[in-house]
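Okay, thanks for coming, everyone. Let me put the model up on the screen, and then I'll talk you through it.

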Amino acid sequence: MEFHVKSGQPEKQRTNCLIVPIFEARRLGITAEKIDKQCEGFLTTLARKGDLEGKLGQTLLLMHLPGLSTERLLLVGCGREGELNEQSFTEIVNKVISTLNDSGALEGIFCLSEIPVKNRDIAWKIRQTIQILHQAQYRFEDFKSKKTTLKRSLRRLIFMVASRRDAVAAENAVREGLAITHGMELAKDLANTPPNICTPTYLADKAKKFAKSHPKISTAVLEEKDMAALGMGSFLSVTQGSNLAAKLITMEYRGGKKDLKPIVFVGKGITFDTGGNSIKVPPHMIGMKYDMCGAATVFGVLAAAAELELPLNIVGVIPSCENMPGPSATRPEDIVTSMSGLTIEILNTDAEGRLILADALTYCERYHPQVVIDIATLTGACMLALGPYASGLMSNNDALADSLFKAGTQSSDKVWQLPLWDEYHDALKSDFADISNVPIADIGARTIVAGCFLAKFAQKFPWAHLDVANTATLATGRGATGRPIPMLVQYLLNRSNEL
Ligand code: BES
Ligand code: MN
Ligand code: ZN
């Protein structure tokens, strides 16, 4: 799929399909007005006869209008001009896509500048359109014998903008939108791949291949013996029930000045979470191939950063293993020693994400990071707290939390902060070790308590934790979303602009 930007007179364009917004109460809008003039009041006549109401999501596809060089004119109802919000914009774009896919048009010119969305500029609309379009066309069919064949579908979309100045912003938005989308698709493919294929070794191989294809990215993979030598008893306790080898994957992107401290992303890479000996009930186990969505996010963010050639230094750290039950798996009440030296009483082997992340966070110290951001499908409770709309954000640094929140708003990939107060920390007191991995008596607030656990291993740098158990997969649980890649790439773009 190709995207281009054009400024000029929409009514003069020669194309397969000109896509033009109209509004309720027979309001034509600037472009539709021009077209109306060009075809001698045809649209006004349609409106008078009641064929052009402009209700949100209504469409009217017209062929070969007199006076116009476009083959088709697609009029898109946008509802009341003053009431358009982000959801209605998404609805409009989806409607345009499905109408175009049902038509024979291979390309279209989209006059979206004049769709007024509160507090959103042309760049946002373009990025959003690119994301919505890719989301609509995304299929994961590697394991289907018969692939869906889309009939003649859209190949090229041209964004019509009002002025030359808008065109510059628009071109940038296309570049950013594409990079974000490519990152999201990489992450979705990894996450959707079944757990018998997408193993820790598979992820490590992907990382090595990834480094080969990007000159500024390098990869290193630590094996279990290396982790043992580093004293990663917490991480290793999770993998010991699995036949597959655990991997600690690191990827470095060097796009910034030599002395610029890196931004480090840590992604939970549990390729399947049975719960271990604290085994999950079968319905809760479905979807646990997605327990590596944090890792997939790290891949996607690095890919986008490399595509955009951001002037930053970025490190990705991915602890990856399976969480399996069995005679050699960790028992509840085992005590292990983490790389930081803290001893951990494992009261629930299903709280494994925090155990692998603990050692990965300690490992980050060697990078002398500006900030460390971990991304993890950490607690089912995050869905109870926030529903599918905002990822959970926890942090030991207000400035970092604020900039992630801002990036979430800018990219419409929202995050919402939860507190890490001392009261919650107290829940992790253990009778026999320095801390336990879950409270002995449930206090609720499982998302926060998990965040508190991680915080104990992130005291040496500004750190934020993103719980994406509620946002990384679709509400149906059958498909990855690519979140929170848009927010994180926005954060990196903002950081680049501050340099
Ligand atoms: N991977 C799960 C969290 C999860 C649950 C993600 C549902 C997506 C959907 C995590 O390892 C886990 O099992 N967490 C437990 C923590 C509990 C034992 C304190 C949970 O959420 O129940
Ligand atoms: Mn678990
Ligand atoms: Zn898990």
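I'll start with the ground rules, then go to the metals, the ligand, the rings and one loop.

So, this is a predicted model: local features need pLDDT of at least 70, side-chain atom pairs count only at pLDDT 80 or more, and totals for chains, interfaces and linings use all residues. Residues are numbered from 1 along each chain as its sequence is written, chains are lettered from A and ligands numbered from 1 in the order in which they are written, and side-chain values use heavy atoms, with hydrogens and water left out.

A donor here is an N, O or S atom within 2.8 Å of the metal (3.2 Å for Na, K and Ca), and water is not among the atoms, so sites may look incomplete.

Next to that, the zinc ion, ligand 3, has Lys268 (NZ), Asp273 (OD), Asp291 (OD) and Glu352 (OE) as protein donors, 2.0 to 2.4 Å away. The spacing there reads K-x4-D-x17-D-x60-E.

What about geometry? Six donors count as octahedral if opposite ones are over 155 degrees apart and all others between 65 and 115; four count as square planar by those limits, or as tetrahedral if all angles lie between 85 and 135 degrees, and anything else is irregular. The six donor atoms around zinc (ligand 3) subtend 78 to 176°, which makes that arrangement octahedral.

Which residue bridges the two ions? That's Asp273, and the ions lie 3.2 Å apart. Asp273 lies in strand E10 and Glu352 in the loop between E13 and H11, so the pair ties together parts that are 79 residues apart in sequence. Those labels are DSSP runs numbered from the N terminus, with helices (H or I) of at least four residues and strands (E) of at least two.

Buried or exposed? Buried means under 20% relative accessible area, exposed over 50%, partly exposed in between (1.4 Å probe, protein chains only). Asp273 is buried at 3%, while Asp350 is partly exposed at 22%.

On to ligand 1. A polar side-chain atom of Asp273 is 2.9 Å from one of its oxygen atoms. For Asp350, a polar side-chain atom is 2.8 Å from an oxygen of ligand 1. With Gly380, a backbone N or O atom lies 2.8 Å from a ligand 1 oxygen. I'm calling something a polar contact when two N or O atoms are within 3.5 Å; within protein, one must be able to donate a hydrogen and the other to accept it, and residues adjacent in sequence count only if both atoms are side-chain atoms.

Now the rings. Rings of Phe, Tyr and Trp (its six-membered ring) pair if their centres lie within 6.5 Å; planes under 30 degrees apart are stacked, over 60 edge-to-face, the rest tilted. That rule gives eight aromatic pairs. Phe140 and Phe143 have centres 6.1 Å apart and planes at 45°, so they're tilted. Trp421 and Tyr424 are stacked, at 6.3 Å and 20°, and Trp421 is exposed at 53%.

Last stop: Asn243, in the loop between helix H8 (233-239) and strand E8 (247-254). Asn243 is exposed, at 83% relative accessible area.
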